[in-house]
Amino acid sequence: TDPAMRDLYAEWEGVTRLAIAQMRMHNADNPGDPQLAALVGELSVADAQFRQWWAAHHVATRGTGTKHLRHPVVGDLHLDWNAVTWAADPDLQIIVWTAEAGTPSHDGLCLLASWAAAPARAVSGSST
């Protein structure tokens, strides 16, 4: 429901539909999950598109993919993602985003990493 997310994801509708289908899969594996029911209720009240897409009952699982982001600082990023699942608890996942070396997306990620790390260096450097 955050308008900034619609700007960030170049293919916002497809990304959102997939996320809803993945929520449905979680719902199938965990019927009666009170947190999921509360989230679905909240989103249903807040967004007509969510209501329509949830009612379609599409179910999906995906562990990899590609997303196109429009980052406000570095511009377009075409990123591959992989879901890493912990075998001891399949409900826990880490999503790893990568970009092929030498691409503008990789350069953008490197710029963001250096930008994010700069304040930490400045703080540690000022304590000496």
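**Exercise 1. Where is the place of Arg17, and which salt bridge does Arg17 form?**

Solution. 
Step 1. Arg17 sits in helix 2, which covers residues 12-29. Helices (H or I, at least four residues) and strands (E, at least two) are DSSP runs, numbered from the N terminus.

A note before going on. This is a predicted model, in which local features need pLDDT of at least 70, side-chain atom pairs count only at pLDDT 80 or more, and totals for chains, interfaces and linings use all residues. Residues are numbered from 1 along each chain as its sequence is written, and side-chain values use heavy atoms, with hydrogens and water left out.

Step 2. Find the partner. The side chain of Arg17 meets that of Glu13 in a salt bridge, at 3.0 Å from N to O. A salt bridge is a side-chain nitrogen of Lys or Arg within 4 Å of a carboxyl oxygen of Asp or Glu.
Step 3. Check the spacing. Arg17 and Glu13 are four residues apart in helix 2, so about one helical turn separates them.
Step 4. Check the cover. Arg17 has a relative accessible area of 39% and is partly exposed. Glu13, at 37%, is partly exposed. The classes are buried (under 20% relative accessible area), exposed (over 50%) and partly exposed (in between), with a 1.4 Å probe and protein chains only.
Step 5. Look across the chain. Trp53 is 36 residues from Arg17 in sequence, yet their C-alpha atoms are 6.8 Å apart in space.

**Exercise 2. How many salt bridges does the structure hold, and which residue pairs with Arg6?**

Solution. 
Step 1. The structure holds two salt bridges. One of them joins Arg6 and Asp47, whose closest N and O atoms are 3.0 Å apart.
Step 2. Arg6 lies in helix 1 (residues 3-8) and Asp47 in the loop between helix 3 and helix 4, so the pair ties together parts that are 41 residues apart in sequence.
Step 3. Check the cover. Arg6 is partly exposed at 31%. Asp47 is buried, with 12% relative accessibility.

**Exercise 3. Which residues touch the most other members of the largest nonpolar core?**

Solution. 
Step 1. Define the set. A nonpolar core is a set of buried Ala, Val, Leu, Ile, Met, Phe, Trp, Tyr and Cys residues joined through side-chain atoms within 4.5 Å.
Step 2. The largest core has 16 residues, and Met23, Val40, Phe50 and Trp54 touch the most other members.
Step 3. Name the contributors. Helix 2, helix 3 (34-46), helix 4 and strand 2 each give two or more residues to this core. Helix 2 gives the most, with four residues.
Step 4. Follow one member. Val40 touches Met23, Phe50 and Trp54, leaving out residues up to four places away in sequence. Contact means heavy atoms within 4.5 Å.

**Exercise 4. How many bridges join strand 2 to strand 3, and how many pair strand 1 with strand 2?**

Solution. 
Step 1. Strand 1 (64-71) pairs with strand 2 (residues 75-86) over eight bridges, in the antiparallel sense. Two strands pair if DSSP finds at least two bridges between them.
Step 2. Strand 2 runs antiparallel to strand 3 (residues 89-98), with seven bridges.
Step 3. Trace the turns. Strand 1 and strand 2 form a hairpin with three residues between them. The hairpin of strand 2 and strand 3 has two residues between its strands.
Step 4. Trp81 has Trp97 of strand 3 as its bridge partner.

**Exercise 5. Which residues does Val73 touch?**

Solution. 
Step 1. Val73 lies in the loop between strand 1 and strand 2.
Step 2. Val73 is partly exposed, at 47% relative accessibility.
Step 3. Val73 touches Leu112 and Trp115, again not counting residues up to four places away in sequence.

**Exercise 6. Is the phi of His57 positive or negative?**

Solution. 
Step 1. Recall the background. Most residues other than glycine have a negative phi.
Step 2. Phi of His57 is near 60°, a positive value.
Step 3. His57 is in the loop between helix 4 (48-55) and strand 1.
Step 4. His57 counts as exposed, at 53% relative accessibility.
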